[in-house]
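Me: I am new to this structure and would like to learn how to read its features one at a time. Could you take me through them slowly?

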Amino acid sequence: MENKVICAGFGGQGVMSMGQLLAYAGMIEDKHVSWLPSYGPEMRGGTANCAVTVSDEEISSPVITNDADIAIVMNLPSLTKFEKDVKPGGKIFINSSLIEKKVERTDIQAYYIDANKLAADIGNIKAANLVMLGAVLKANQIVDVESILEAFKKVFGPSKEKFIPQNREALIKGGESI
């Protein structure tokens, strides 16, 4: 089993966090992982994406080009840029709160997740990334939700553990949205 995932959006949308959570959760489950970040020149509001591979086998390269199993796109520029990188038969998860455009390709499966609204409904708009991740995990079972929550402790540290219940809810809402 190998899953190549592209997470993409603007800086500040939690794109890198999504990738780190997937990678750490994979490590928790004794899988092979890679996480390759890419930042635009700005810190917040600039482009950001990362390539994550979670596999039962060793990973030969962290680069994902035209062979992503999954793309998670949080904004329109990311859809425009990364739609072509999903391989035929792959899946693309679109934050429909910010993207009205539909996927043009017919050889991939598209999921439209109203992530910002679902995150706002649970009281934390910043959890839109975890809503998206919840949808991905429901559709693909790359890693277990509990592993993501355990990884949250590693990525964000002990001071942020108080947010785990809300993040659990965001993951569940995302899973229920598909």
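Reply: Let us begin with the naming: helices (H or I, at least four residues) and strands (E, at least two) are DSSP runs, numbered from the N terminus. This is a predicted model, in which local features need pLDDT of at least 70 and side-chain atom pairs count only at pLDDT 80 or more, while totals for chains, interfaces and linings use all residues. Residues are numbered from 1 along each chain as its sequence is written, and side-chain values use heavy atoms, with hydrogens and water left out.

Me: Which helix gives the most to the lining of the largest pocket, and how much space lies in that pocket?

Reply: Rolling a probe the size of a water molecule over the atoms shows where empty space is left. On a 1 Å grid over the protein atoms alone, a pocket is an open set of points where a 1.4 Å probe fits, with protein on both sides within 12 Å along at least five of seven lines, and lining residues have an atom within 4 Å of a point. Grid points are joined across faces, edges and corners, and a volume is the space filled by probe spheres set on the points. Here the largest pocket holds about 760 Å³, and among its 30 lining residues Gly12, Gln13, Gly14, Ser17 and Lys126 are the closest to its centre. Helix α1 gives the most to this lining, with five residues, and α1, α4 (128-140) and α5 each supply at least two.

Me: How should I read the packing of two helices, and at what angle do α1 and α5 cross?

Reply: Two packed helices are described by the angle between their axes and the distance between the axes. Axes are lines fitted to C-alpha atoms, for helices over the stretch in contact, and angles run from 0 to 180 degrees between N-to-C directions. The axes of α1 (residues 15-28) and α5 (residues 145-156) come within 8 Å and cross at roughly 115 degrees. The two are therefore roughly perpendicular, since angles under 35 degrees count as roughly parallel, over 145 as roughly antiparallel, 65 to 115 as roughly perpendicular and the rest as oblique.

Me: Where does α6 come in, and which residues of α4 meet it?

Reply: Helix α6 (residues 164-176) packs with α5 at an angle of about 145 degrees, the axes being 11 Å apart. With α4, the angle is about 50 degrees and the axes are 6 Å apart, which makes α4 oblique to α6. Contact means heavy atoms within 4.5 Å, and on that basis Leu130, Val131, Leu133, Gly134, Ala135 and Lys138 in α4 meet Asn167, Ala170, Leu171, Gly174 and Gly175 in α6.
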